[in-house]
Amino acid sequence: MRTLNATQVIDTVAKMCIDSNRYLPDDLRRRFAECAALEESPAAKEVFRQLTENYELAEETGLPLCQDTGLAVFFVEMGEDLRVEGMNIREAINEGVRKGYAEGFLRKSACDPLTRANTKDNTPAIVHFDIVPGDKLKIAFMAKGGGSENMSRVTMLAPAQGWAGIKKFVIERVAEAGPNPCPPTVVGIGVGGTFDYAPILAKKALLRRLDDVNPDPKLAAMEEELLEALNKLGIGPMGLGGKTTCLGVKIAMSPCHIASLPLAVNIQCHSSRHQEVEI
């Protein structure tokens, strides 16, 4: 049994919150450059220029990439031979969020759903746990902004609708979202499971790098087909028109009930702020 002090979890989470909100991942930087080179619209090219300037300034000044520094979402894989001492793992993660959002001068967006009273420290975090073999702790963090999250949807399709129904729903959802999620977006899609599990699959899919290829050839082909279809919508960067409405499509799939076809679309903004750490 391996023992991990809670302070290490707290400090790791705090740093993830700060760094994810300040530094754009390298796969996104490359995709910005690739897409900007393909654009013909002056407006689209200018948006990419401004997005590039924005992430360079954020890195230089330490200011956030966006004023909406999001709710703190975590996917945690905890080894069954690991024990956290000092406080339980959920408490340690929340303490890390408090520390990171305070020290990084990040906006606190968590509030009561009805009174709208702010919790003032961006907690409680949204934490999804998996118990896995071994004695390691793997933490994936995502800063999820309101604009993109509001454009996400879950539905229960009839099994007979199949891939055609999935494709239709995803395209319609992105088209209806328009400029609201700050495109060009990354689109996570969860297929299968249950009503509650499909959105988790969709959100977890957003943790993948833009430059990876789905190990399942069928899903890889579906991702490419959807990416091409979404970029044909012409919404473009920030909704001003262009060839780049979507930077990437990521699909996660799980078995479902014979009578169901759960489907979730979770949209992420162009910054797609996330990070993974193993302790």
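Trainee: Which residues in H2 meet which residues in H3?

Mentor: Please keep in mind that this is a predicted model. On the H2 side, Arg-29, Phe-32, Cys-35, Ala-36 and Ala-37 take part, and they meet Lys-45, Phe-48, Leu-51, Tyr-55 and Glu-59 in H3. The residues of this contact divide into seven nonpolar, no polar and three charged.

Trainee: How is the packing of H2 and H3 described, and at what angle do their axes cross?

Mentor: Two packed helices are described by the angle between their axes and the distance between the axes. Here, helix H2 (residues 26-38) and helix H3 (residues 42-61) have axes that come within 9 Å and cross at roughly 160 degrees. H2 and H3 are therefore roughly antiparallel to each other, since an angle over 145 degrees counts as such. The crossing of the two helices is left-handed.

Trainee: At what angle do H1 and H4 pack?

Mentor: Helix H1 (residues 6-22) packs against H4 at an angle of about 45 degrees, and their axes are 7 Å apart. That angle makes H1 oblique to H4. The crossing of H1 past H4 is right-handed. From H1, the contact includes Val-9, Ile-10, Val-13 and Cys-17, while Ile-89, Ala-92, Ile-93 and Val-97 are among the residues that H4 contributes. By class, the contact of H1 with H4 holds twelve nonpolar, three polar and four charged residues.

Trainee: Which residues make the contact between H6 and H8?

Mentor: Let us begin with the geometry. Helix H6 (residues 162-177) and helix H8 (residues 217-231) pack at about 35 degrees, with their axes 10 Å apart, and their crossing is right-handed. H6 supplies Trp-163, Lys-167, Val-170, Ile-171 and Val-174, and H8 supplies Met-222, Glu-225, Leu-226, Ala-229 and Leu-230. These residues divide into eight nonpolar, no polar and two charged.

Trainee: Let us turn to the backbone. Where is the peptide bond cis, and what is the omega there?

Mentor: The bond from Thr-123 to Pro-124 is cis, with omega near 5 degrees. Pro-124 sits in the loop between helix H4 (89-103) and strand S4 (126-132). The bond from Pro-183 to Pro-184 is also cis, with omega near 10 degrees, and Pro-184 is placed in the loop between H6 and strand S7 (185-193).

Trainee: Which residue has a positive phi although it is not a glycine?

Mentor: Lys-120 does, with a phi of about 75 degrees. Lys-120 lies in the loop between H4 and S4, and Pro-124 is found in the loop between those elements as well.

Trainee: How should I read the domains, and how far apart are the C-alpha centres of domain 1 and domain 2?

Mentor: The domain assignment gives domain 1 as 2-20 + 65-144 and domain 2 as 146-273. Their C-alpha centres lie 25 Å apart. The contact between them takes 16 residues from domain 1 and 14 residues from domain 2.

Trainee: What does the UniProt annotation cover?

Mentor: An unreviewed UniProt entry carries the annotation "domain: Fe-S hydro-lyase tartrate dehydratase alpha-type catalytic" for residues 11-277. In the model, that span is 39% helix and 24% strand, and its end C-alpha atoms lie 12 Å apart.

Note on methods:
Residues are numbered from 1 along each chain as its sequence is written. This is a predicted model: local features need pLDDT of at least 70, side-chain atom pairs count only at pLDDT 80 or more; totals for chains, interfaces and linings use all residues. Side-chain values use heavy atoms; hydrogens and water are left out. UniProt positions are given in the numbering used here, feature names are shortened, and annotations may be inferred rather than shown by experiment. Helices (H or I, at least four residues) and strands (E, at least two) are DSSP runs, numbered from the N terminus. Axes are lines fitted to C-alpha atoms, for helices over the stretch in contact, and angles run from 0 to 180 degrees between N-to-C directions. Angles under 35 degrees count as roughly parallel, over 145 as roughly antiparallel, 65 to 115 as roughly perpendicular and the rest as oblique. A crossing is left-handed if the near helix is turned anticlockwise from the far one by less than a right angle, and right-handed if clockwise. Contact means heavy atoms within 4.5 Å. Ala, Val, Leu, Ile, Met, Phe, Trp, Tyr, Cys and Pro count as nonpolar, Asp, Glu, Lys and Arg as charged, and the others, Gly among them, as polar. Domain bounds come from an automatic or database domain assignment.
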